[in-house]
Amino acid sequence: MPRLAEDNRWLDAAASIATRSRALSAPNPAVGAIIVKDGIVVGRGWTAAGGRPHAEAIALEQAGEAARGATLYVTLEPCAHHSERGPACADIVTEAAPARVVIGCGDPDPRTNGRGIAKLRQAGIAVELIDHAASCESLAGFLTRQVEGRPHVTLKLAVSADGFIGPLSGEPVTITGEAARAHVHRQRALSEAIVVGGATLRNDAPRLDVRLPGLEDRSPRRFVLTRGKAPEGWGKLSSPQAIRGLLPMQHVYVEGGAATANAFLEAELVDCLHVYCADHELGDGIPAYGALGPAPDGAAPPGFTCVDQRRIGGDRLFTYRPD
């Protein structure tokens, strides 16, 4: 296998295991690291809950002496700054003396931002920085926080085939099937905060927790978008822009309803749009995007491009990114 293809394959694997610490690693990024020697994995790690130890430290401890002369694949540039909570990963990696370090994404944190790579190269370690899509995707929350100064926002909507989220009466209805709903619970578990509008809270009294076996303790904090008071146990966002006040959170999951979806879309604060589309129609109802209209066949509003679509049970999931 050509080296670039092999590097991408191992970085894909590192990005996959990084997901295990998403939301748990805050305020630190969820990083994945894999150490390979002679085609065999000798160490792997992902950022621990609370942010320490880092992924590289865990993988290197697991590998021990086998790390010497091996290749370290890591989704984010090893940090170069010292902390009261632990040493810089660039120093730990240097001491372990792998032959190569392959990095999927540079670190925009000014305390590192190229300094980690420079330290490794000064120690005689070969370093390759690859623009690796899966690594960047796994770090989307961290990168958005560092670059945009706010958490990464995923907007989720469940719609009928003709693009409505429910009947005009506002009566709660089940749009999608059990498999799609389970997938939503997984997405909740990957977020630190979840947001709904005041009407959704009043009409549906949603629990917004995670009800998947083994993940019940990963329910995000609940927030309501309202100009009024938030009920006990809920946080309040007075506007979509108020998500900046949720820092250092990295992932916010917005579940609607239509007015809330419209507000975040109009504010251009949606980084990822998930539309779960059922096969049945309602005939009429509340347009998915509020004033921006319905989402027939799971279509996005203007300004978004579909990057993935798949079947989940009897429903379809469309993933969109801003143009």
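Here are some notes on the fold and packing of this predicted model.

1. Ground rules. Residues are numbered from 1 along each chain as its sequence is written, and side-chain values use heavy atoms, without hydrogens or water. Since this is a predicted model, local features need pLDDT of at least 70 and side-chain atom pairs count only at pLDDT 80 or more, while totals for chains, interfaces and linings use all residues.

2. Overall build. You'll find 9 helices and 13 strands (DSSP runs: H or I of at least four residues for helices, E of at least two for strands, numbered from the N terminus). The radius of gyration is 21 Å, close to the 20 Å the globule rule gives for 323 residues, so the protein is as compact as a globular protein of that length (taken over C-alpha atoms; the rule is 2.2 Å times the number of residues to the power 0.38).

3. Burial. Buried residues make up 53% of the 323 (buried means under 20% relative accessible area, with a 1.4 Å probe and protein chains only).

4. Main core. The largest nonpolar core has 28 residues, with Leu155, Val195 and Phe264 among those with the most contacts inside it (a core is a set of buried Ala, Val, Leu, Ile, Met, Phe, Trp, Tyr and Cys residues joined through side-chain atoms within 4.5 Å). Elements giving two or more residues include β7 (193-197) and α9 (258-266), but the largest share, 4 residues, comes from β6.

5. Around Leu155. Beyond its neighbours within four places in sequence, Leu155 is in contact with residues including Val254, Ala261 and Leu273 (contact: heavy atoms within 4.5 Å).

6. Second core. A separate core of 24 residues includes Ala33, Ile35, Leu120 and Val127.

Methods: Buried means under 20% relative accessible area, exposed over 50%, partly exposed in between (1.4 Å probe, protein chains only).
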